[in-house]
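Me: Hi! I am new to protein structures and would like to learn how to read one. Could you walk me through some features?

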Amino acid sequence: MTETLKDEWLKNPGKNIMAGIVVALALIPEAIAFSIIAGVDPMIGLYAAFIIATVTAIVGGRPAMISGATAAVALVVTPLVKDYGVQYLFAATILMGLIQLLLGILKVGRLLKFIPRSVMIGFVNALGIMIFLSQIEHIFGISIDTYIYVTITLLIVFILPKFFTIVPAPLIAIVVLTILYLTMGANIHTVGDLGTIKQALPHFTIPHVPFNLETLKIIFPYSLSMAIVGLVESLLTAKIVDDYTNTYSNKNKEARGQGIANIITALFGGMGGCAMIGQSGINVRSGANSRLLTLTAGLFLIFMIMVLGHIVIQIPMPVLAGIMVMVSIGTIDWGSFKYIKHAPKTDVFVMILTVVIVLFTHNLALGVVIGIVFSALFFATKISNIKVETRKENNQYFIVFKGPIFFVSIDTMMTQIDFNVQRETIQLDFSDAHIWDDSAVDAIETIVRKLEDKHNEVYVKNLNKDSRKVVSELSQLKENQLI
């Protein structure tokens with residue numbers, strides 16, 4: 001236990017603290033922007049970023065992953081805030097956290113293994129594109145100075161790490177270009193243009209809503225959507241970080257941690273949130289890998305709000321936009337072009353469909369769910385290729401089944417059987433087949449009944465152990481017919 005704590009908290013402290021500072025700076029404009037999307041005061045997003053990052057650093061399952069206010073969750077709650085107000089948002093966020101906590105206790109993390117690689121690639125590419133698109137308004141159509149600041153930022157972040165890695169390049173870009181702006185001035189937007197930063201700590205409060213069934217009816221659909229969206233994004237982000245760092249994280253613990261964090265943030269006046277792929281990408285690409293990073297990001301964020309708020313609002317937006325553009329470039333799986341060329345066409349379709357759905361709906365969970373559904377349909381179709389062979393030996397008919405028999409393959413199987421055979425002894429041979437579900441059992445009963453209607457004597461033979469158990473329990477076939 002001591003070694004685990006030491007490994008998760010104290011590994012490379014300098015690098016993790018520096019990366020945490022960079023992430024905290026990147027959290028500010030995004031938290032404000034997501035607050036605007038949700039239709040709430042910017043401080044609600046900032047408090048969420050601070051609280052969720054700090055809490056998940058302690059109770060989350062994935063070290064070095066950043067969680068906070070996100071666009072995915074903000075988009076879900078926009079109608080709720082518009083129709084009922086911010087207090088209902090806090091109540092819905094508490095219920096969101098409770099749902100996530102329950103799902104974590106029920107070990108929802110195991111469901112992650114059912115997400116195919118094509119959906120994962122689509123998810124990552126969609127995130128990368130969304131991160132880039134979200135920065136366009138901070139780059140184009142503003143001023144020549146903005147283009148200059150963005151260009152210098154991109155050059156610093158891209159070139160500097162090749163020669164100097166002690167201090168993260170994004171942090172250097174932020175400090176140097178902020179000083180340049182403060183001393184020289186420029187026609188650019190700053191963080192302060194997104195909203196006012198109040199130098200005040202969050203305080204405990206119970207949502208001012210009626211605690212009755214009517215309120216539950218209002219908030220439950222939003223809470224459920226927020227919980228699912230948040231968990232899908234968080235668990236997939238955790239897996240991406242796992243793959244990048246060649247480490248393993250506890251997905252069920254992460255689900256519980258996300259739930260606890262969302263409950264606490266709502267009780268202190270923050271909006272709901274989840275893991276953030278962009279900021280998490282900053283972490284792992286800078287070599288940071290511990291919980292100290294996440295804790296530093298949360299604590300430094302509230303420090304900047306409380307102590308350095310007057311300076312933070314003067315950070316140039318094109319600098320932060322340039323950093324996020326580099327994150328988007330690093331997030332996109334550029335091997336997708338090779339994947340499109342060599343992967344099965346159905347997998348390519350699922351990957352592209354996932355990207356398109358996410359970009360059109362701005363709903364990561366919806367894109368992933370639809371991708372999984374189509375992937376499952378293609379897989380079911382692919383394995384439903386069953387063959388039926390008929391032969392006659394020694395005055396007996398043998399109908400031999402080869403392949404998996406389940407609800408998808410039944411129609412194909414039935415069309416291959418000749419039901420016009422009369423007054424014969426027929427053996428249905430399942431040596432090379434497997435019965436998977438009750439639809440398959442019903443199909444076997446139908447085959448037997450139709451053949452018996454033509455005065456045939458029918459036997460079912462060579463079922464494997466599992467198939468025989470299913471048929472015996474679910475069918476009305478006589479015991480002497482199972483040989």
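This is a predicted model: local features need pLDDT of at least 70, side-chain atom pairs count only at pLDDT 80 or more; totals for chains, interfaces and linings use all residues.

Me: What does the secondary structure of the protein chain come to?

Reply: Start by looking for helices and strands. Here the protein chain has 20 helices and six strands. Its C-alpha trace spans about 100 × 55 × 50 Å along the principal axes.

Me: How many of the residues count as buried?

Reply: Buried means under 20% relative accessible area. In this protein chain, 54% of the 483 residues fall in that group. The accessible surface comes to about 22,200 Å², and carbon and sulfur atoms hold 64% of that surface.

Me: Which helix gives the most to the nonpolar patch?

Reply: That is α7, with three residues. Helices α6 (117-135) and α7 (144-159) each supply at least two.

Me: Is I144 buried or exposed?

Reply: I144 sits in helix α7. Exposed means over 50% relative accessible area. I144 is exposed because its relative accessible area is 60%.

Me: And how many charged side chains are there, positive and negative?

Reply: The protein chain carries 35 positive and 33 negative side chains, and the centres of these two sets are 5 Å apart.

Methods
Residues are numbered from 1 along each chain as its sequence is written. Side-chain values use heavy atoms; hydrogens and water are left out. Helices (H or I, at least four residues) and strands (E, at least two) are DSSP runs, numbered from the N terminus. Buried means under 20% relative accessible area, exposed over 50%, partly exposed in between (1.4 Å probe, protein chains only). Accessible areas come from the Shrake-Rupley method with a 1.4 Å probe; for residues, only the protein chains shown count as cover. Lys and Arg count as positive and Asp and Glu as negative; His and the chain ends are not counted. The place of a charge is taken as NZ of Lys, CZ of Arg, CG of Asp or CD of Glu.
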